[in-house]
Every structure is written in structure tokens, then in C-alpha cells.
Amino acid sequence: MSGCNLFRGRWVFDASYPLYDSSSCPFIDDGFNCQKYGRRDNMYLKYSWQPDSCMIPRFNGADFLRRWRGKKIMFVGDSLSLNMWESLSCMIHSAVPGAKTTFYKRDSLSSLTFDLHTTQYYEQAFLGYWFCCFEKTIDLLSITTIQNGVL
């Protein structure tokens with residue numbers, strides 16, 4: 001995708017969207033679950049970003065897990081980062097609905113592991129989220145507090 005300007009483009013209607021059903025995803029906080037709490041329209045879910053100069057491949061959750069096997073991803077930030085973390089978790093969950101998941105939530109830290117055991121392959125992906133409030137002080141996550149992927 002070299003030479004592709006991802007920032008110039010337009011929103012296009014895509015009837016195959018959304019990539020997951022928020023009502024069946026166990027990882028969405030109530031505050032982000034618009035459909036559950038009565039938002040009647042859903043057309044806003046049927047759009048995808050299309051850059052002018054290239055095609056973005058459709059998200060493939062199983063392929064994502066394969067590519068990120070053995071690696072960890074951490075989202076650090078505010079509610080926008082939380083929303084992205086939940087969306088990614090739900091897209092993966094939708095793509096591999098039979099996967100065993102381990103979901104852990106303590107205070108402002110959440111983690112999610114997808115374990116897929118099949119005769120063909122073993123995959124594990126970890127999605128971590130560190131949420132901190134930016135009021136008078138900024139909580140920083142120090143790399144020294146992470147040892148072997150554990151906070």
C-alpha cells in the first residue's frame with residue numbers, strides 16, 4: 001500500500017457492514033452500545049472509508065489472529081481508544097465465534113485473549129487496554145511495570 005494516501009477519500013455505502021453485531025458482542029461497555037439503548041437508525045453502520053488512491057482490504061479477523069500470533073497489542077488512552085479496542089475485539093470475536101476467550105477487567109485495565117485450538121493451528125492473541133483519566137494529573141504506564149506481558 002505504498003503511495004496510498006489514507007487521509008484523502010470518502011465514506012462509501014457498503015451493505016455488508018457492519019463487521020459485527022453489537023448485541024452479540026460481550027466486550028462492549030454499555031456506554032458504547034447505542035443499538036442496545038434504543039438508537040433506532042443503523043445506516044451509519046453501513047459505511048466504510050475508501051481512500052481515493054487505493055483499496056483497503058476488508059478486515060479478516062482470522063487472518064489478523066494468524067498474523068499477530070504470539071504478540072500482544074496494547075491500547076493506551078481515553079474513551080476513543082477504549083472504543084477502538086472494543087470494536088477490534090468484537091470484529092475478531094465475530095470472525096472466530098467458536099474461539100475460547102479469556103476476558104479480564106480490573107479497575108482501568110482490561111485484557112482479552114483469544115485461544116484457538118484446532119488440528120490445523122494454534123493461535124493466541126492478546127488485546128490489552130489501559131484506560132486512564134486525564135484530569136489534573138496524567139497517569140503514565142511505565143514500560144518497567146510490564147514483565148512478560150503482565151502488568
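Arginine 66 is partly exposed, with a relative accessible area of 41%. Partly exposed covers the range between buried, under 20% relative accessible area, and exposed, over 50% (1.4 Å probe, protein chains only). Its side chain meets that of aspartate 63 in a salt bridge. A salt bridge here is a side-chain nitrogen of Lys or Arg within 4 Å of a carboxyl oxygen of Asp or Glu. The model is predicted: local features need pLDDT of at least 70, side-chain atom pairs count only at pLDDT 80 or more, and totals for chains, interfaces and linings use all residues. Residues are numbered from 1 along each chain as its sequence is written, and side-chain values use heavy atoms, with hydrogens and water left out.

## Salt bridges

The structure holds 5 salt bridges.

| Pair | N to O distance |
|---|---|
| Arginine 66 and aspartate 63 | 2.5 Å |
| Aspartate 63 and arginine 67 | 2.7 Å |
| Arginine 10 and aspartate 52 | 3.5 Å |

Asp63, Arg66 and Arg67 are linked in a network of salt bridges. Arginine 66 and aspartate 63 are separated by about one helical turn, because they are 3 residues apart in helix α1. Aspartate 63 and arginine 67 also both lie in helix α1, 4 residues apart, about one turn of the helix. Aspartate 63 is partly exposed, at 23% relative accessible area. Arginine 67 counts as exposed, at 54%.

The side chains of arginine 10 and aspartate 52 also meet in a salt bridge. This pair links distant parts of the chain, 42 residues apart: arginine 10 sits in strand β1, aspartate 52 in the loop between β2 and α1. Arginine 10 is partly exposed, with a relative accessible area of 45%. Aspartate 52 is exposed, at 54%.

## Overall layout

The chain has 2 helices and 6 strands. Helices (H or I, at least four residues) and strands (E, at least two) are DSSP runs, numbered from the N terminus. From that end on, the elements run β-β-α-β-α-β-β-β. Buried residues make up 31% of the 151 residues in the chain.

Contact means heavy atoms within 4.5 Å. Among contacts in the chain with a separation of 6 or more, 65% join residues 24 or more positions apart.

## Core and surface

The largest nonpolar core has 19 residues. Such a core is a set of buried Ala, Val, Leu, Ile, Met, Phe, Trp, Tyr and Cys residues joined through side-chain atoms within 4.5 Å. Leu88, Ile92, Val96 and Phe114 have the most contacts inside this largest core. At least two of its residues come from each of α1 (61-67), β3 (72-77), α2 (79-95) and β5 (109-117). The largest share, 6 residues, comes from α2.

The chain exposes about 10400 Å², and carbon and sulfur atoms supply 55% of that area. Accessible areas come from the Shrake-Rupley method with a 1.4 Å probe; for residues, only the protein chains shown count as cover. Trp11, Phe13, Met43 and Tyr47 make a nonpolar surface patch of about 470 Å². Patches are made of residues with over 30% relative accessible area and no salt bridge; like charges are joined within 9 Å, nonpolar side chains (Val, Leu, Ile, Met, Phe, Trp, Tyr) within 5 Å. Tryptophan 11 lies in strand β1. At 58% relative accessibility, tryptophan 11 counts as exposed.

## The loop between β1 and β2

Serine 23 lies in the loop between β1 (9-13) and β2 (47-51). Serine 23 is exposed, with a relative accessible area of 61%. Its side chain makes a polar contact with the side chain of aspartate 21, at 2.9 Å. A polar contact is a pair of N or O atoms within 3.5 Å; within protein, one must be able to donate a hydrogen and the other to accept it, and residues adjacent in sequence count only if both atoms are side-chain atoms. Serine 23 and lysine 36 are 13 residues apart in sequence, with their C-alpha atoms 6.5 Å apart in space.

Asparagine 33 is in the loop between β1 and β2 too. Asparagine 33 counts as buried, at 6% relative accessibility. Leaving aside neighbours within four places in sequence, asparagine 33 is in contact with Ser22 and Ile28.

Proline 18 is also found in the loop between β1 and β2. The peptide bond from tyrosine 17 to proline 18 is cis, with omega near 5°.
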